[in-house]
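These are my notebook entries on one structure. I took it part by part and wrote down what I looked up.

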Amino acid sequence: MNLILSIKQKRALFLALRYGLMSLLAVIFAFPIVFMMVSSLKPSLQILRDSSSLMAFVPMGDISIDNYFKAFERAPIGLFVYNSLMVTLVTMGLGLFINSMAAFALANMRWKGQQVVLSVIIATLILPFETIAIPLLMVVSRLPWLGPEGLTYGWLNSYQVQIIPFIVDAFSIFLFVQFFKSLPYELIEAARIDGAGWFRIYAQVIVPISGPVFATAAILRGLFMWNQYLWPSMVIQSTQYRPVMVGLGYFWQLTSSNTAGEGILPWGELMAYLTIITIPVIVLFLALQRAFVESIATTGIKG
Amino acid sequence: MKSKVWNILAGLAIFAMLLTACGAPATAPAAPITAATEAPVDAATEAPVVSTGPTKLSMWYHGAGNKTEKDVLLGIIKDYNESQDMYMVEVQDFPQISYNESVVAAALAGNLPDIIDVDGPVMPNWAWAGYMAPLDIPQDKLDTFLPTTIGKWNGKVYSVGLWEAACAMYARKSVLDKYGIRIPTLEQPWDLEEFNAAMETLKASGEYEYVLDMGMAWKGEWYPYGFSPFLQSFGGDIIDRSTFTTAEGALNGPEAIAFGEWWQNLFTKGYVSGTTQDSADRDTGFIDGKYALQWNGNWAGGLAAEKLGDDLLILPAPNFGNGARIGAGSWQFGVSANSKNIPGATEFIEFMMQDKYMVQFSDVTGNIPATTTAAAASKNFAPGAPFEIFFNYSAAQATLRPPTPAYMSAALTFEKALADIANGADVITALDTAADEINADIKANKDYGFDGSVVGPSIKEDEIAKANAR
């Protein structure tokens with residue numbers, strides 16, 4: 001029996017191993033999401049009893065969508081999702097525009113102090129948000145705002161307090177700078193020779209060929225904003241502006257003990273809520289994943 | 001492909017702008033079911049817009065998501081608003097898990113409401129920090145309350161609770177009978193030897209991997225609330241209550257070390273599962289028969305009674321030499337120091353202190369009413385009712401966690417020390433380190449005002465004696 005494999009056989013074996021490993025990883029990564037979605041269909045006691053076996057991933061037993069109805073009764077989920085979408089999309093939209101323009105100026109224009117400014121921006125990355133949360137709170141609680149009610153002071157309980165402090169982001173600027181530097185500078189020189197101004201070069205030359213970095217920045221910033229918890233806990237006191245992650249707290253409490261079957265966390269409702277608030281994140285990733293993967297794959301490759 | 005991505009991003013940005021444009025607060029949509037459930041809030045709290053109308057009193061409350069409890073609160077507010085025309089209370093609810101952060105942030109921003117609710121052990125810190133104002137409520141109104149439902153700091157009352165919670169040892173009668181273990185009573189609880197012997201007997205039976213579910217899956221406040229009464233029963237404490245300026249001797253003296261060694265033995269002898277206990281086991285392990293005993297609060301009583309019926313025993317805490325003790329001090333209501341309407345806010349709290357409201361809270365939450373008369377009228381704690389025993393335990397054994405501003409920091413240190421000991425750390429070193437950390441915090445905060453002008457209750461003449469005297 002000939003044990004030496006032909007090239008074709010080797011290739012087939014390699015492929016099988018590769019796909020086997022990838023499938024295994026896919027299953028491992030999918031486990032938490034499957035657990036969450038399956039559990040959202042089960043009563044809390046069944047979730048707890050199934051959690052120590054593979055039954056946790058199987059939609060069997062007392063299956064229903066009751067948890068979703070109960071979750072909507074427990075918390076104004078529609079409002080929370082709306083608020084988070086508003087805050088995330090506006091911050092993301094304005095952030096992509098402003099951070100990319102800043103990065104364009106830092107990467108492609110020549111001006112005095114350029115490197116110092118870039119260094120300072122990058123240096124701010126080492127500051128955790130928690131260290132500036134209190135000073136920022138003191139500032140925003142006194143800032144003026146011109147709205148429909150005229151000039152008012154203090155931004156607490158508003159959308160702007162959740163948006164404006166997070167539009168400018170050092171990491172996004174850094175990402176854009178790295179990407180813009182990798183683009184051939186001849187493109188900009190050619191546009192300059194053709195008489196284009198800096199904004200026109202940015203908008204019509206650079207942006208159209210920078211899809212991957214925009215997608216990456218959008219996903220990273222979008223996730224960060226969607227997952228905001230500490231800051232809204234500090235500055236939002238009204239249900240009206242509360243985002244989804246603070247809303248999670250509505251489900252993090254023991255249910256009343258005098259009703260049969262209660263006295264434990266409402267795990268089923270919690271999983272239903274998590275499933276609902278995970279959907280926008282999955283949609284965002286699916287919409288941008290090709291560009292995101294491309295960006296990751298080409299990181300560090302000079303043009 | 002690149003232009004497609006750009007189109008998506010541009011679309012998102014435009015959508016975001018449109019959302020902003022449409023996002024005026026008044027038009028923010030809510031899910032239909034939510035709108036229906038939120039309706040009572042508006043009905044109860046919306047004040048008519050008239051310049052000469054009643055003064056608005058803002059109130060913050062920690063129970064967002066707990067609809068039954070909130071409905072009772074809204075009912076009280078409605079009653080109060082209709083009972084007079086000087087004030088109009090408006091409530092804003094917060095999720096409990098982020099409530100303290102919200103209050104502290106609001107205090108820093110100078111944005112506190114008139115009325116707040118506060119967790120009992122946190123109150124002294126907020127009073128010391130200047131977030132809360134003392135309550136001017138006649139003593140005779142307070143006298144009928146369980147002592148641990150009255151929040152005191154520096155000799156003044158700052159908060160009043162309408163309910164209390166209590167811990168007990170859950171067990172099965174059939175199991176204790178089978179192994180010849182005496183059923184303890186409030187008058188004669190298990191002592192240390194008896195309790196240890198019971199656990200040894202149950203462990204030796206081979207029926208249980210772990211005998212006692214202590215709730216190690218729970219973190220945070222459960223440690224000082226659930227476990228510091230054992231330390232106090234040994235004669236130690238988290239902080240020395242005679243001065244409130246040190247943990248030395250209280251947390252690392254001979255009694256505390258004896259407690260620490262007992263605590264560690266629970267784990268080394270395999271009586272209690274470690275700090276990695278599965279939270280599913282905490283919730284259902286006892287009723288499923290995985291554990292013979294469970295240390296838990298009154299909130300677990302409903303499920304246990306439903307599953308075990310007459311076989312369920314709700315036993316008092318053991319007495320390790322210095323009295324049988326359980327934790328005390330639940331959520332209470334107080335007035336913020338920022339309030340421009342302190343008399344009105346105080347009046348509302350006085351209005352809440354009616355038996356009928358305590359009964360309503362108790363009936364929907366399963367918590368213990370704060371007065372004997374309310375307990376007698378409640379469905380769970382009246383004489384002969386299924387959980388009457390919890391009221392008796394609370395009245396006889398409840399011990400406040402140290403009522404000092406240092407508690408908030410000391411509680412975290414205590415939790416770490418107990419978790420370390422459970423995981424095998426040297427008992428004396430762990431307790432010494434904890435005492436040093438607590439002392440350092442007290443020193444850094446200039447003794448939290450305990451310079452002789454502040455009076456705190458002492459554990460030696462604590463509220464248990466007063467309750468027993470009644």
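**Entry 1: confidence.** I began with pLDDT, which is the predictor's confidence in each residue, from 0 to 100. For chain B the average pLDDT is 87, and 85% of the residues score at least 70. This is a predicted model, in which local features need pLDDT of at least 70 and side-chain atom pairs count only at pLDDT 80 or more, while totals for chains, interfaces and linings use all residues. Residues are numbered from 1 along each chain as its sequence is written, chains are lettered from A and ligands numbered from 1 in the order in which they are written, and side-chain values use heavy atoms, with hydrogens and water left out.

I then looked up helices and strands, which are DSSP runs numbered from the N terminus (H or I and at least four residues for helices, E and at least two for strands). Among the elements of chain B, the highest mean pLDDT, 98, belongs to helix 10 (residues 254-268). The lowest, 34, belongs to helix 2 (residues 32-45) of chain B. Residues 14-50 of chain B have pLDDT below 50, and this stretch has 56 contacts in the model beyond near neighbours in sequence. A contact means heavy atoms within 4.5 Å. Residues 463-470 of chain B also stay under 50, with 17 contacts beyond four places in sequence.

**Entry 2: chain A.** I counted elements here and found 14 helices and 2 strands. Of the 303 residues in chain A, 44% are buried. Buried means under 20% relative accessible area, exposed means over 50%, and partly exposed is in between (1.4 Å probe, protein chains only). Of the contacts in chain A between residues at least 6 apart in sequence, 68% join residues at least 24 apart. Its accessible surface is about 15500 Å², and carbon and sulfur atoms account for 71% of that. Such areas come from the Shrake-Rupley method with a 1.4 Å probe, and for residues only the protein chains shown count as cover.

I also looked up a surface patch in chain A. Leu21(A), Leu24(A), Leu25(A), Ile28(A) and Phe29(A) make a nonpolar patch of about 520 Å². Patches are made of residues with over 30% relative accessible area and no salt bridge; like charges are joined within 9 Å, and nonpolar side chains (Val, Leu, Ile, Met, Phe, Trp, Tyr) within 5 Å. Ile28(A) belongs to helix 1 (residues 7-39) of chain A and is partly exposed at 46% relative accessible area.

Entry 3: Two strands pair if DSSP finds at least two bridges between them. Strand 5 (residues 150-153) and strand 6 of chain B run antiparallel and are joined by 4 bridges. Ile150(B) has Val160(B) opposite in strand 6. The hairpin has 2 residues between the strands, and Asn154(B) takes a positive phi near 55° there.

What does strand 6 of chain B pair with over 2 bridges? I found strand 13 (residues 331-336) of chain B, again in the antiparallel sense. Phe333(B) in strand 13 is the bridge partner of Val160(B). Strand 6 (residues 156-160) of chain B has 4 of its 5 residues buried, so the rest of the structure largely encloses it.

Trp153(B) lies in strand 5 of chain B and is buried, at 5% relative accessible area. Trp126(B) is 27 residues from Trp153(B) in sequence and 9.9 Å from it in space, C-alpha to C-alpha.

**Entry 4: an open sheet in chain B.** I traced 4 strands in the order 9-10-8-11, with mixed pairing. Strand 9 and strand 11 (312-315) are at the edges with a single partner strand each, so one side of each has no neighbour in the sheet. Strand 8 (residues 167-172) and strand 10 (residues 293-297) run antiparallel with 5 bridges. Ala171(B) stands opposite Leu293(B) in strand 10.

**Entry 5: salt bridges.** A salt bridge is a side-chain nitrogen of Lys or Arg within 4 Å of a carboxyl oxygen of Asp or Glu. I searched all chains and got 17. One of them joins Lys178(B) and Glu207(B) at 2.7 Å, N to O. Lys178(B) is in helix 7 (residues 173-178) and Glu207(B) is in the loop between helix 8 (192-204) and strand 9 (212-213) of chain B, so the pair ties together parts 29 residues apart in sequence. Lys178(B) is exposed at 57%, whereas Glu207(B) is partly exposed at 41%.

Arg241(B) and Asp237(B) form a salt bridge at 2.6 Å, N to O. Are these two buried or exposed? Arg241(B) is buried, and Asp237(B) is buried too.
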